[in-house]
Amino acid sequence: MKPTDIADPDYFHKVVDCQWACPAHTPVPEYIRLIAEKRYTDAYMINWHSNVFPGILGRTCDRPCEPACRRGRVEEEPVAICRLKTVAADYKSDITDLLPQAPKKKNGKRIALIGAGPASLTVARDLLPLGYEITLFEKDALSGGAMRTQIPRFRLPAEVLDEELNYILDMGVNCRFGEEITSMRDILAEGYDAVFVGTGAPLGKWLDLPGHEEAKDNIHTGIEWLASVAFEHISSVGKNVLVLGGGNTAMDCCRTSKRIGGKEVSVVVRSGFEEMKASPWEIEDAMNEDIPILNFHVPKRYIVENGKLVAMEFEKVRKEIDANGRRQLIPTGEEPAILPCDDVLCAIGQENSFPWVERDLGIEFDQWEVPVLNKSTFQSTHEKVFFGGDAALGPDNIITAVAHGHDAAVSIHLLCEKQDITKRPNPLTNLSSQKMGIHQWSYDNDISADFRFAVPHADKQVTLNDINVEVELGFDEQLAFNETMRCLNCDVQTVFTDKLCIECDACVDICPTDCITFTQNQKEPKLRTNLLAPAENDEQDLYVSDLLLTGRIMAKNEDLCLHCGLCAERCPTNAWDMHKYLFNTAKAENACQS
Amino acid sequence: MQAEKYPRKTAATMSYINKPKFKHPQMQTNDIGLTRRDYEGTLTTLCGGCGHDSISAAIIQAAAEMSLEPHRVAKISGIGCSSKIPSYFLSKAHGFNSVHGRMPSVATGANIANKELYYVGVSGDGDSASIGLGQFCHIVRRRINMLYIVANNGTYGLTKGQLSATADLGSRTKSGEESQFDNIDMATLAIELGASFVARSFSGDKKQLIPLLQAGLSHKGFAFIDVISPCVTFNNTDFSTHGYKNTWENHIALSEVDFVPMREEITTSYAAGKEKEITLHDGSAIHLHKTGNDYDPTDKENAMHHINAHKKQGKIATGLLYINQSTADLHELQDTVDRPLNSLGDQELCPGSKALNDINNTFR
Ligand SMILES: Cc1cc2nc3c(=O)[nH]c(=O)nc-3n(C[C@H](O)[C@H](O)[C@H](O)COP(=O)(O)OP(=O)(O)OC[C@H]3O[C@@H](n4cnc5c(N)ncnc54)[C@H](O)[C@@H]3O)c2cc1C
Ligand SMILES: Cc1ncc(C[n+]2csc(CCOP(=O)(O)OP(=O)(O)O)c2C)c(N)n1
Ligand code: SF4
Ligand code: SF4
Ligand code: SF4
Ligand SMILES: [Mg+2]
């Protein structure tokens, strides 16, 4: 193998598993350390710059960082990264002085943002401080998008939502709320320098089965129903409720039903429990609220009596893997299940839809009616029109919408500065030694062996009776501190200087996880299996040195390193040192680097 | 506003942290359900880069692979950095850290008392070639069934780097002191005095060291391994023959050894013509790879000749240097009781006046 180029910004970034996995590349371990030091405000601002909605995301993020967390590989459960974000948000002091200001004097460029969800708001946040004049169109009366209309208040309190939305709106956005855009032609005619479409995926799917027409009044799509509850157009539901679907929307629907009158609320899914798309913790929360989940039930028809929905019929099936390895649902031949219900909530998916974008404007759509985009600039086939969030690539999550927003803001800024928008700015990186003394580091390398701490919940009697009471109480300061101590500081990198190595094996002998091997150079696949701890995760690069005195190389399995610094402590020549690697994606403000 | 942290759970008594307990997920357990990490000792207090730590690591690996039961191992040492090594492996084994140069006496006594344990003696070149040289000679001569390791760095590390008796003529320490005398070669001395297993290795070369340790542990009789183990702090100069550089460049394996544990004996076959198999008393085996020089480790004179010939050229002969499986150990020669002394009952220890009379009668 060729020696590793650690100057490649991706190399050490990949080692910070959580940050690499985060769509917005939030510097996770850096803020976790700040929380340990009770520097909540600083921890919050690191988050705010990366992911814009720390308090919201701390409560609601899909957490792609957590399955990636190293702790899950070397112990069992990841660090509670997401809930630590909540801690930063809840315990911070007033941050208004730390927020960027929009300059009084504008730069003369006007940008239209359509839809006031996280994607558009991120674009606004990035462009306002640069002097852009931002007009934000939203069909609803309030901003927030699905964060307001879909995510129930018992998961995300209104104060948290409003606070973080206002940080952006208060910078001076020209809000045109309550205005549904029905023609892209009209918007373009207003002469904006760029238009960003962040309209989400607002189209819920129906389950069109026999009986649908008669039962229509009591069949709802999950997302429309949740929005109606959020805006208090709906405040009750029937006694028996069936929620169809196994995703997060289904979990929000069933838990909401329980709070507004549903007594017997069940979730019904076609396939197996294990195949449910909802996050494990959301399923767990629903089950904690005594909501049964029936699996292997395929819906067949709505049963209507006297013109009113009374039940649904389901065929019972089992799973089989066919010759091609595909999952098949085979009817068991049992009697169909008849489940009584007063209301049915269909939470079986949603789509983006653009009936309001005229097809003769030069904005191309593919065969699935999805806009054709450049995946890194988010530019459509119309130079001035950009898409982001769920509108761009279909329903996803808030943090992805934020990441799109940042990228689109960079593109818009480059476009307005008449630069090539495909030349993306380099990330901002910094690598610096953490050595303070022979056995002293400026980070706490004595990590805790504790298992993950659970977030305490409020009393179920209380939360089930008031839809606005937040279920999760969040970590208190002591629990939060204990949890931070589980973080392995994966951003503190082991940096190897081959010229200094005397091949004494001190690092090999001390390393708790056998990361380091001195061996003959070989082709990568062979080298990976010949390491003391074989490197099975191909996504994580090996750290490989140049030839050493004995003609061998140092090869390190980065995938299992605990960042404990013991190799560097034992190394007699400082061939190993621990360097903190800070990585931030470039935002619009850093876009014009030349 | 930087507030104070909560008090730490673990008060760090040393300046560095404990080795985290996490291990790599694919780590194997051995026949008795232990992982290599279960064979560790306390965290080392030696200088980072000291060869002695690699010897600990090699012993840990060797013992884990052999599925040794830690409670069936006794570790004995003298004084010196090298004699601290037993603290850093097999914390669940028995141990005796004795006085300077006196490890052989303690090992002999222990071995006579309980012949059923594995004895691992760890000493230094100062401990065994200076103050303890006399003791060393006698334990070899008495054929104690044990593995005797000398962690040889050509210096007294613990007392800050004086030249030891194994330092080669002309070798220089970090302080600039040059050896004016010929060295004592512990390996040839051991062969000369009747050791039945003699090897030399290098702490940096675990591929070689680990099978030698395993063979030495399995060998019945006195097994001696001289391990070049650089003192990174006081004797690792470019002018030291015991430093990393010189040892990497000049150690030459007379034979390459694979160790085949007992349980694998039937399944592992050796390549005829390229390898030679030596079956040990406990049923395990050594596979000797021919290295082109047709070295025969069962020939005593030949062994001495090769070691000296290499030395003349500034080379260090390593590998299995000499093995003789037909030597009886002390217990066999003295026809001692079959069982450990602590398992004997009153009746056996005090057989009564009739037995005494019978013994006395044999002298009349
Ligand atoms: C029930 C449910 C629960 C969810 N829970 C989570 C969660 O816990 N965590 C998570 O990360 N993600 C969650 N999501 C997904 C997440 O909400 C979205 O991925 C995210 O909000 C997408 O952001 P966006 O900015 O692209 O669009 P949205 O947030 O959908 O915002 C789009 C906005 O555009 C407005 N709009 C649409 N069309 C027009 C128009 N023509 N004119 C004017 N305005 C218009 C809409 O009213 C809306 O306000 C959930 C989704 C659902 C349905
Ligand atoms: C009776 C006695 N004399 C002298 C000493 C001082 N002393 C301690 S260790 C040592 C030499 C150790 O050298 P070596 O055995 O080579 O061990 P190393 O530290 O080099 O590993 C000496 C002379 C002592 N502890 N006891
Ligand atoms: S241990 Fe810490 S730094 Fe490492 S992946 Fe997990 S949260 Fe991130
Ligand atoms: S920091 Fe060094 S010693 Fe610690 S786990 Fe990583 S490679 Fe091993
Ligand atoms: S002084 Fe030398 S022998 Fe002693 S611990 Fe340090 S390096 Fe090892
Ligand atoms: Mg010594």
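The legends below concern a predicted model, in which local features need pLDDT of at least 70 and side-chain atom pairs count only at pLDDT 80 or more, while totals for chains, interfaces and linings use all residues. Residues are numbered from 1 along each chain as its sequence is written, chains are lettered from A and ligands numbered from 1 in the order in which they are written, and side-chain values use heavy atoms, with hydrogens and water left out.

**View 1. Helices α2 and α4 of chain B pack at an angle of about 30 degrees.** Helix α2 covers residues 103-113 and helix α4 residues 133-141, and their axes are 8 Å apart; the two are therefore roughly parallel to each other. Here helices (H or I, at least four residues) and strands (E, at least two) are DSSP runs, numbered from the N terminus, and axes are lines fitted to C-alpha atoms, for helices over the stretch in contact, with angles running from 0 to 180 degrees between N-to-C directions. From α2(B), the residues M103(B), P104(B), S105(B), A107(B) and T108(B) meet Q135(B), F136(B) and I139(B) of α4(B), where contact means heavy atoms within 4.5 Å. Sorted by class, this contact of α2(B) with α4(B) has five nonpolar, three polar and no charged residues. In this sorting Ala, Val, Leu, Ile, Met, Phe, Trp, Tyr, Cys and Pro count as nonpolar, Asp, Glu, Lys and Arg as charged, and the others, Gly among them, as polar.

**View 2. Helices α3 and α8 of chain A cross at roughly 50 degrees.** The axes of α3 (residues 28-36) and α8 (residues 81-91) of chain A come within 10 Å, and the crossing angle makes α3(A) oblique to α8(A). In the contact, V28(A), Y31(A), I32(A) and I35(A) of α3(A) meet I81(A), L84(A), K85(A), V87(A) and A88(A) of α8(A). By class, the contact of α3(A) with α8(A) has eight nonpolar, no polar and one charged residues.

**View 3. P29(A) lies in helix α3 of chain A.** With a relative accessible area of 2%, P29(A) is buried; buried means under 20% relative accessible area, exposed over 50%, and partly exposed in between (1.4 Å probe, protein chains only). Leaving aside neighbours within four places in sequence, P29(A) is in contact with V16(A), C18(A), C487(A), N489(A), C490(A) and D491(A).

**View 4. Helices α14 and α15 of chain A pack at an angle of about 45 degrees.** The axes of α14 (residues 222-230) and α15 (residues 248-259) of chain A are 10 Å apart, and the angle makes α14(A) oblique to α15(A). Their crossing is left-handed. On the α14(A) side, G222(A), I223(A), W225(A), L226(A) and V229(A) meet T249(A), D252(A), C253(A), T256(A) and S257(A) of α15(A). The contact of α14(A) with α15(A) has, by class, five nonpolar, four polar and one charged residues.

**View 5. The magnesium ion (ligand 6) is coordinated by three residues named here, D125(B) (OD), N153(B) (OD1) and T155(B) (O), at 2.0 to 2.1 Å.** Donors are N, O and S atoms within 2.8 Å of the metal (3.2 Å for Na, K and Ca), and because water is not among the atoms, sites may look incomplete. In sequence the donor residues of this ion are spaced D-x27-N-x1-T. D125(B) lies in helix α3 (residues 125-131) of chain B and N153(B) in the loop between β4 (146-152) and β5 (155-156) of chain B, so the pair ties together parts that are 28 residues apart in sequence. D125(B) counts as buried at 2% relative accessibility, and N153(B) counts as buried at 4%.

**View 6. K418(A) and H563(A) have positive phi values although neither is a glycine.** Most residues other than glycine have a negative phi. K418(A), with a phi of about 60 degrees, lies in the loop between α18 (398-416) and β17 (428-433) of chain A and is exposed, with a relative accessible area of 70%. H563(A), whose phi is near 55 degrees, is placed in the loop between β23 (553-557) and α23 (566-570) of chain A and counts as buried at 1% relative accessibility.

Notes:
Parallel < 35°, antiparallel > 145°, perpendicular 65-115°, else oblique. Left-handed = near helix turned anticlockwise from the far one by under 90°.
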